[in-house]
Amino acid sequence: MSTLLELKSSVIRKVQRSQSLRVRREPTAQPNSPLVYSPDTAARRTPEGNGEFFERMKNILHKQEDMHCAVDAEAGDVCTVAPPPESLEQVCVPERMSRSELDLLYEEVVYTLVNRAGMPSPDHVTNEAELFSYIQRVFDIGVEEKDIIQQKVKESKRACFSLRVSVMKGRNLLAKDANGYSDPYCMLGILLGQSPRDIEERKERKFSFRKKKDKLEKRPSVREVLAAKCIQVTEVKPQTLNPVWNEHFIFEIDDVYSDLLHLDIWDHDDDVSVAEACRKLNEISGFKGMGRYFKQIAKSVRANGAAASATEENTDDFLGCLNIPINDIPVNGSDKWFKLEPRSRASKVQGECHLILRLFTTQRDTTLSKKELCTAIHEKILRQILEYEHTEIQAANYNWDGQVSLPAWTVLSHHVMQLDLTPLQQAIIRWKCYSRHHRLQRISYAVLLGLLKAIETKWDSSAVEGNEERSLADSFQLHIDYCLSLLKRLRKVFSCSNSTAITRCELLLRGLDYLRGMQAFKTVCPSRNELPLEIATVIKKSTVEWYEGIISNSELDEGMLEQQLRQLVLIVDAVCTDVRKGKNIYNKIFLSSVRVDFFSASYCQLEKLVANDVRVTMEKVSWTLEQEGFRLTQTMGETLIELYISLKTLRLYSEFLPLRDTKTLALTEFHEWFKTSIHKWLQIVHEKSCDRISRAVEMDHLLPVHSQVKHSTSAIDITACFNQIREYWTQLAWPDSAETFTFVTHLTDDFCRAAVWYCGLIKRKIERNQPGQEHKNLILQLCIALNNIEHVRVFLGNLPQDWDSRGLQLAMEDSCGAEGKEQINKALSVQLYNIDLDLQREAKRIITSLTDKMLSDLKRYIQHISLSPDSIQNDEAVAPLMKYLNDNLIILSGSLVKGNLSRVLQDLWTLLLRMIFDTIVENRGVQVEFYGRFQYTVEALLQFFHAEGEWMTLEDLCNSDFKALEEELRLNKCSSTDLIEQYFLEKISQQKTLKHSRFGRISVKFYYEPTDQRLTVEILHAADIIALDANGLSDPFVIVELCPLHLFPNAKSQRTQVKTKTLHPVFDEVFYFHVSPEQYRHRCACVSFTVMDYDWLSTNDFAGDAIVPLSDFCWPGRPSTSSAAKNLPPVILHLTRSKPSEKLIVKILEARTGDNGAQEFSRRVKEIEKSMEEE
C-alpha cells in the first residue's frame, strides 16, 4: 500500500511540476542561496527540554517578523558597495573595431585637428601637442604609425570651409521714416583676407557696401570698391523697428583665418533699389552682366546728409553694420545678438541683430570621408573615445556619467563642426554610441535617459530617413532587448540588498518608459508598441526561473518525509522574502516607472508554484498521520507548524492583489492540508506544557518573585506557558470558524486540566516540605501557593478576551447562524465556570490547610478565655487570642493578594465563630458572666477583623454563623422564665404567619367576661386531622390549657371527649378559665390547643397543636357570652407538628439542670416528642 501511494504521489508531483514549471533547469548552487535563512537552523531541530520547545516555537512564530525586519532593514541601508555585474548575453554584445579601422579613424582625427578653425571655447584644449598625445592614446597608435599618418595628412589638401549664416531678427533699430518706423533689410557678404595695412586702415573707417558718390569715383576699379566675394540680401520688412527675417545663407570661405563676415542693415526708401539688384547677384554671367549689376548699384546710390540734392528724396538710409572675423566664430557655432556698429564716427546707429553662425567643411581629403557617411565616421570616433574614457575612470565606473575629458571634448567639437552635423544627428549619434557602449561596460542609466530626451527635443521625422532611420531603430531595439535581458535576471543584477542597484533599475525602467512614449520611437519602431506587456512577461519568466533555481538547489525529493518538510519550509521562507522585496521595493519602481504591477505578476506565479509543491508533500503527511499507531514526533510537529506559518504569511500577501487576481489563488484553502496535523500538534503542546509545569513547580522555592509581586516563579511560568500557547494559536489564525471553535474548546480544556494539575503539584510540594518546617515558613508557603492559584485563575478568567470570543461568535453566527453563536457562548461559559469552581475548590483546600495550622493554637486561646476566672478582666482574658491573631494576620496581609486575604479572613472568621459557638454549647447552663465574657470576645474579634473597613466588611462579618452565635449568647444570658416566654412568643408569631397546614385545623370561639374575669373557650370541631392509627383514621381529642404555666400557676389543663375513628371530629364543648387582666396583658399569655390521638394500649400520639394569644380576645369591649357574642365567627387555627427539642431555647432550658421550671418545661416537651417517636 505504501509503495502504491508513493508511486501515486510521485506521478502527481511530476504532472504538476510539468504544468507549473515547464522545463526545470538545474543551475549551480549559489553561495547566497535564499534557502539558507538562519545560521542556527540545524541547531533548532534537536529536541531538548520543554523550555527549549517553547523557545523554539516562539522563534518559529517570530521568524517571519524577523525576516520582514531584515528585508526592510536591508532595503533601508545606504549601500556603498558596487552593484552586481550586469553579465551580458552574447546577442547584445557589440563588436569592437579592428586595427585598420582604428588607423583610419586616427587619420580622420589628425586631419580634423590640423584643419581646426574657429574660436575655441574656454573648456577646449588649445595645446596641439596635448591633443595629439591624447588621440595617440585613444587609438593606440605606435610611434611609426603616428609619423606615417601625420605625414600623410600634411601632404593632403586642406579642408574647404563654408559659413552658414542665419539672419534671424533685429530689435530696437533706428527709425528713419516720417512715420517713426523703418523698412529694414540686410545686405551681407564675405570680405576677403586683407593685408596688415588694410587692417590698420579698416580700424579708421568701416567698410560699407554703399559709399558716397565722390568716394566711389576715387576707386581705381569696381573690384576694389566692392571687395565682398559674394553679396546676399534679405527681404525688406516694412514699417518695423524689430524685424524678423529668419533667412539662411551659405558663404564659401577662402581663408578661414583672415576672411571677414560683413553685414549692413538699410532702410529701404525707393521702389527699385540696391536690394533688388543684389537679389540678382547669382543670376549674372560674364563681365557684361557684372557691369550692369554695379551700374544699377551706382545709380541707386545717393548722397547722405547735407550733400543730398532735393531731387533725390528716395534714398536708402544706413541703419548699422556688423564686421565679424571668421576665425572669431566659436567652434560650436554662435547663436547670439550682435550690437550694430556705425560705419564712421559720424554715423548714428542703434539696435541689435540676432545671427546664428556656424562653420563647416565642404571638402575633406581623408580616406574615410571619401567612402563613408560623415555620421558613421563621427559615430566610430565617439565609440572609441568612450571606450578609452571609461577605462580611465578609477572609482564607481559602473555609474559613469558619460562626461569625457577636455581633450576628447575638443576633438569631438571640432569634428562635429567640420562635418556640419545637425543637433539631431549629434543627439542620435551620442545615443547610439552610449547605448552601445553600455552593453560593453555599464554606465549610469541617467545618462541614457538624458540622451533620449535630447533626441526627443530635437526630433524631426523629415530629417531622418533611410539608413539613419534603420540604424536608430536598431539601436532602440537592441537597447530594449538588453534591458529586458537584465530584467529577466532582476533578482541577481538588481539585488534589493544593494541600493545602488535598485536606483539603477529604477532609472532603467524610467528610460524604457520614456523611450516607449517618444515620437522618435513610435516613428522608427511602429510595430513595437506593447513594451509594458513585454516587461510583464519577462517578470513572470524571471520569477519562474528564480523559483526553479530555488528548487534545484534544494533536496525536496530526497530524504525522509521530515527532511522534505524542512526543505519546503526553507523554500516557502525564501518565497516570502522575495514576495516582500517585490512588494516593498520592486513594485514601487515598476509601478511608478512603467506602470507594470510587478507584485501581482510575480506573486501569482510563486503562489501557484508553492501550492503545487506543498500539496504533494502534505498528501504524504496526511496519509502517514492517519496510519494506526503513528505518533507525530516533536520535531516533525514543529516543522509542520513552521510550514503552516510560512504559508499563512505567503497567503496574507494576497490582500495586496487586485480583486480580479484573488479569484484563482491556489493557497486559498491551504489550511485544510494541516487539519490532522494541528490536532496532533495540540496533543504535543499539552504534554510539553504539563512537563514544563512540573519542572517549574520542582524548581520553585515558593518565594515571591519580588516585593511588588506576591506569587512565585511557577505561577509566572504557567501563565507564560499558557500565553505562549495562546499566541501560537493566534498566529495560526485558523480561517474556518467551526474548526476554530473546536480547536479553541480543545485548548481551553487543556488549560483547565493543566491548571488543576498545577494546583495538585504545588499542594503536594508543600506537603512534602511540611515536616520540620517552622510555622511561619509554612504559613508563607501556603500563602504563596494561594497567590499562585489566584494568578492562574485570573489569567484563565480572561481567556474569552484572549481568544477573541466576540470575533469567534460573529464568525460562527455568519457560518452557522444564531445556533453557532449560542453554542460558543455556552461551551466557553461552561468550561470557564467549571475551571473557576475547580480552582476555587483547590484554593479552599489550601486555605483549609492554612487555617488547620492555626487550629490548635486557636483552641488553646479560646479555652483560656473560657477557663479564665471571673476576677480577670475581659480584655486580659482575650488579649492572648488577639495577639496571636494580630501576629499571624500581619504575616497573611503581607503575603497574600487582596482576594486571597479576604478569603482567608472569611474562613478564619467563620472558624473562630464556630469554635466559640461550640464552646458556648458545651457550657450551657453556667453563670451568665461566662457568656458575657464571650460576648466581649466576639465584639473584639468583630472590630479586629473589620479593621475600620480595611479587611472585612460588616456585611461579611455578620454572616449566619455570627448571627447564630449572637443568638446563642443572647439566649444563654436570659433567665429560664424569659426563655419560656420567648418560646411562646415565637410560637405565637409562627401561628400568625401560618396560612395552611397538612396537619389539619381546628375551629374555636373565645368569650371573656371582665366582671367575672372568666375566659370561655368553645371548641367546635376539627378537620383533616392526620391519620395516626393503622386503620387510616385517628381517635382525636383536644387538650386546652393556658400558657406559660408560670403565669397561670392555678389554671389546670382541660380536655375534650375522644372522637373515635375520624379525621374530622366535632366536639362542641365549652371550657372555662379564670384570667385576670394582669395575666392576659402579658405578650406571651396564650391558649394552647393540643390535638392527641387516643390509644388505650400505649401512650397517646401527638397530632398537632395551635396557639392563640390572650390579647386577641381579652380586652375591654370584647363581646361576652351574650347572644351577640355567640354570633361571632369562629377562629380557624392551623395545626403545627414540630419537634420542640430542636429549638435552641429548649436546648438551653434542658441544660439548666438546677432550674425546676426549666426542667419541668423540658419534661413536657420530651413527652410530646416521645409520643411522636412512638407513632
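Reader: Leaving aside its neighbours within four places in sequence, which residues is Ile-980 in contact with?

Author: In this predicted model, Ile-980, which belongs to helix α36 (residues 976–993), is in contact with Pro-1044, His-1046, Leu-1149, Gly-1157 and Phe-1161 once the neighbours within four places are set aside. Pro-1044 is 64 residues away from Ile-980 in sequence, yet their C-alpha atoms are 7.2 Å apart in space.

Reader: Why is Ile-980 called buried?

Author: The label requires a relative accessible area under 20%, and Ile-980 has 9%, so Ile-980 counts as buried.

Reader: What makes β1 and β4 a pair of strands?

Author: At least two bridges are needed for pairing, and 8 bridges join β1 (residues 160–171) to β4, the two running antiparallel; therefore they qualify as paired. Within this pairing, Val-165 stands opposite Phe-249 of β4.

Reader: Why do β4 and β7 stand at the edges of the sheet?

Author: The open sheet has 4 strands in the order β4-β1-β8-β7, with antiparallel pairing. Because β4 (244–253) and β7 (334–339) each have a single partner strand, one side of each is left without a neighbour in the sheet. From one strand to the next, the twist averages 25°.

Reader: How confident is the predictor, and where is pLDDT below 50?

Author: The mean pLDDT of the protein is 82, with 84% of its residues at 70 or more. Residues 1–48 have pLDDT below 50, although the model gives this stretch 71 contacts beyond near neighbours in sequence. Over residues 201–205 pLDDT also stays under 50, and there the model has 5 contacts beyond four places in sequence.

Terms used
Residues numbered from 1 in each chain as written. Predicted model: local features only at pLDDT ≥ 70, side-chain atom pairs only at ≥ 80, totals over all residues. Heavy atoms only, no water. Axes fitted to C-alpha atoms, helices over the stretch in contact; angles between N-to-C directions. pLDDT = per-residue confidence, 0-100. Contact = heavy atoms within 4.5 Å. Buried < 20%, exposed > 50% of the residue type's maximum accessible area, 1.4 Å probe, protein only.
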